[in-house]
Amino acid sequence: MKLDPFYLIVDSAAWIERLVPLGVRLVQLRIKNLDEDGLRAEIRKAKALCARHHCQLVVNDHWRLAIEEGCDFVHLGQEDLQTANLLELQAAGIRLGLSTHDHAELETAMAAGPAYVALGPIYPTILKKMKWAPQGLERIRAWKGRVAPIPLIAIGGLNPERLDGVFEAGADSAAVVTDVTLNPDPEARTREWIEKTEQWR
Ligand SMILES: Cc1ncc(COP(=O)(O)OP(=O)(O)O)c(N)n1
Ligand SMILES: Cc1nc(C(=O)O)sc1CCOP(=O)(O)O
Ligand SMILES: [Mg+2]
């Protein structure tokens, strides 16, 4: 499976409405702290927008709502994996993206039959506190050897200047939050990411 090399992660359908029409082809809806009705409405809106703009939607964490809303891709971390029902996800035909941060997590992820594996944080991230030190580019190379032909996503502290290194080390896609959403001009930054990743598309 080929994934787009630019993987945008946002925390609302409003962001999707704003940025996906610019040509984003892979987006994750990552919402924390919203009640079930609110989440369902966000997922529904995101799904409709993504369908309209030919963009692959990945729902973070909320796998049961993703099934109920007819979504086809879910991202789970290792803690999420402990409570998710993989058989239910499989029966619903949902593809699974999984986070990894060390070798033990990589073994767990590979055993779950993922559609992609994410490795992070490659560089320091300001989005959330993490217990792992930055992985660095060599770690991408090591992960690639274990994960291929399953796509490998790099995440954490990425920006357009860091993309050459990340892709040369073997990542298939680069995931980003704050470099776009905290940028003074998110639309211009999104266009920059799309252009910069064109050579790997
Ligand atoms: C592409 C991608 N990679 C990693 C993560 C992190 O997932 P997780 O460890 O479950 O942490 P939260 O994002 O849920 O805080 C991700 N969401 N996407
Ligand atoms: C959500 C997330 N997961 C990570 C992991 O390593 O699993 S790093 C990360 C934050 C990514 O945000 P930014 O692009 O702003 O650094
Ligand atoms: Mg999670």
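What percentage of the 201 residues in the protein is made up of buried residues? Buried residues make up 37% of them, where a residue is buried if 20 or more other C-beta atoms, placed from the backbone, lie within 10 Å of its own.

## Basis of the model

This is a predicted model, in which local features need pLDDT of at least 70, side-chain atom pairs count only at pLDDT 80 or more, and totals for chains, interfaces and linings use all residues. Residues are numbered from 1 along each chain as its sequence is written, while chains are lettered from A and ligands numbered from 1 in the order in which they are written.

## Overall fold

The protein has 10 helices and eight strands; these are DSSP runs numbered from the N terminus, with helices (H or I) of at least four residues and strands (E) of at least two. Its radius of gyration, taken over C-alpha atoms, is 16 Å, close to the 17 Å that the globule rule gives for 201 residues, so the protein is as compact as a globular protein of that length. The globule rule is 2.2 Å times the number of residues to the power 0.38.

Along the principal axes, the C-alpha atoms fill a box of roughly 40 × 40 × 30 Å. Two residues are in contact if their C-beta atoms, placed from the backbone, lie within 7 Å. Of the contacts with a separation of 6 or more, 50% join residues 24 or more positions apart.

## Surroundings of the two ligands

Ligand 1 is surrounded by 16 residues, of which G77, S99, A118, I155 and A175 are the closest; a residue is near a molecule if its C-beta atom, placed from the backbone, lies within 6 Å of it. Strands β5 (95-100) and β7 (152-155) each give two or more residues to this shell. The shell consists of five nonpolar, seven polar and four charged residues. Here Ala, Val, Leu, Ile, Met, Phe, Trp, Tyr, Cys and Pro count as nonpolar, Asp, Glu, Lys and Arg as charged, and the others, Gly among them, as polar.

Around ligand 2 there are 16 residues, and G120, T125, G156, V177 and T178 come nearest. Seven of the shell residues are nonpolar, seven polar and two charged.

## Two annotated residues

An unreviewed UniProt entry lists several residues under "binding site", including N60 and S99; such annotations may be inferred rather than shown by experiment. N60 lies in strand β3 (residues 56-60) and is buried, because 20 other C-beta atoms are within 10 Å. Leaving aside residues up to four places away in sequence, N60 touches Q28, L29, R30 and H75.

S99 belongs to strand β5 and counts as buried because it has 21 C-beta neighbours inside 10 Å. With the residues up to four places away in sequence not counted, S99 touches G77, Q78 and A118.

How values were computed
Buried ≥ 20, exposed ≤ 12 C-beta atoms within 10 Å, placed from the backbone.
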